[in-house]
Amino acid sequence: PYYSILIPENMGLEIPFLEVAAEDNDTDINGTILYHLLAKEMVTVETYINTTITVNCTNEFENITAINNTMEMENITMATYNMTLGLQNCTYEIIDSETRLEEKIILVPSLLFDINSTSGEILVISELDFETEQQHDVIVVAYDMAPLSSRLSATAEVTIFIEDINDNVPVFEYSLYEVTVYENSVLGTPVLTVQAVDEDQFDVLNYTIISSVPNSSLFSINGNGTLSTAGHIDRERDSLYDLVVMVADTATPPHTAITKVTIEILDRNDHIPQFTQPAYTSSIAENTASQIITELQATDDDIGSNAIVMYS
């Protein structure tokens, strides 16, 4: 028999979510059924192949000194090897061997699920996590209470699918982003994309700018977390902006996270040099040579090389 069921990852502990049932037409203890649950677990085992073994025996086979084993043998031990050869009181030593790794399924007690031994009700005994494992395969063994020598049993497979619950908080890739953008950039120029991740499946994230220093509406953010220019940026007015960006998922209430973004405004040569006064008046005697008449001064609101003023 085969059962399958979908349960949420926040399933309460010790709450039955599935009942399996077996029937036995015998009477008394021969027809009394108990249940036991085992989990399927994938393990990696090392298999020996093309193995050369030296065998030393203390009985009539003592003249056997070496055997080349070309059969595939798993988990070689002295007992299993002697059983294979029909030898007793022998010791062995692996001289040379090739190995390979194989995956196999074994049955072990479940750490997440248990079963009521009399009712067949399966329940959760430890917290589930969709992000860790989305499917669990277990085996239910039903056996009667007859003496061990005549006890009978049957098995059923159960697949338990885990449903994702919006229980994870989104996390930004960085707690602080630092970026530069030129003043006078075209409206809608991408500045930076902030990235948040949420381990929940199919979750949708929404980004918003929740504060700006200085306070302005010069930047906007879209659903992909891309910051863009939304107004005219003038470095000479403000050269640095500190933003706080929030991301929220679709939970009720939503899970949120914040990150900081520092935007430095780079200079463009967009200012005309200005003389310190609109007109200059000076006088000089005639027939005068190589003499300073007056000194003119101009300034430029740009910075760096853009602010160097030359005269001609």
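Start at Phe219, which counts as buried because its relative accessibility is 8% (buried means under 20% relative accessible area, exposed over 50%, partly exposed in between, with a 1.4 Å probe and protein chains only). Keep in mind that this is a predicted model, where local features need pLDDT of at least 70, side-chain atom pairs count only at pLDDT 80 or more, and totals for chains, interfaces and linings use all residues. Residues are numbered from 1 along each chain as its sequence is written, and side-chain values use heavy atoms, with hydrogens and water left out.

Phe219 has a ring partner, Tyr241: their centres sit 5.4 Å apart with planes at 70 degrees, so the pair is edge-to-face. (Rings of Phe, Tyr and Trp, the last by its six-membered ring, pair if their centres lie within 6.5 Å; planes under 30 degrees apart are stacked, over 60 edge-to-face, the rest tilted.) Tyr241 is buried as well, at 0% relative accessibility. The pair links distant parts of the chain, with Phe219 in strand β16 and Tyr241 in strand β18, 22 residues apart. Strands here are DSSP runs of E, at least two residues, numbered from the N terminus.

Now look at Phe275 and Tyr311. Their ring centres are 6.4 Å apart and the planes at 45 degrees, so this pair is tilted. Phe275 is partly exposed at 46%, and Tyr311 is too, at 45%. Together with Tyr280, they form one aromatic cluster.

Back to β18: it belongs to an open sheet of four strands, ordered β12-β19-β18-β15 with mixed pairing. Two strands pair if DSSP finds at least two bridges between them. β12 and β15 are the edge strands, each pairing on one side only. β12 runs parallel to β19 over seven bridges, and Thr180 has Glu264 in β19 as its bridge partner.
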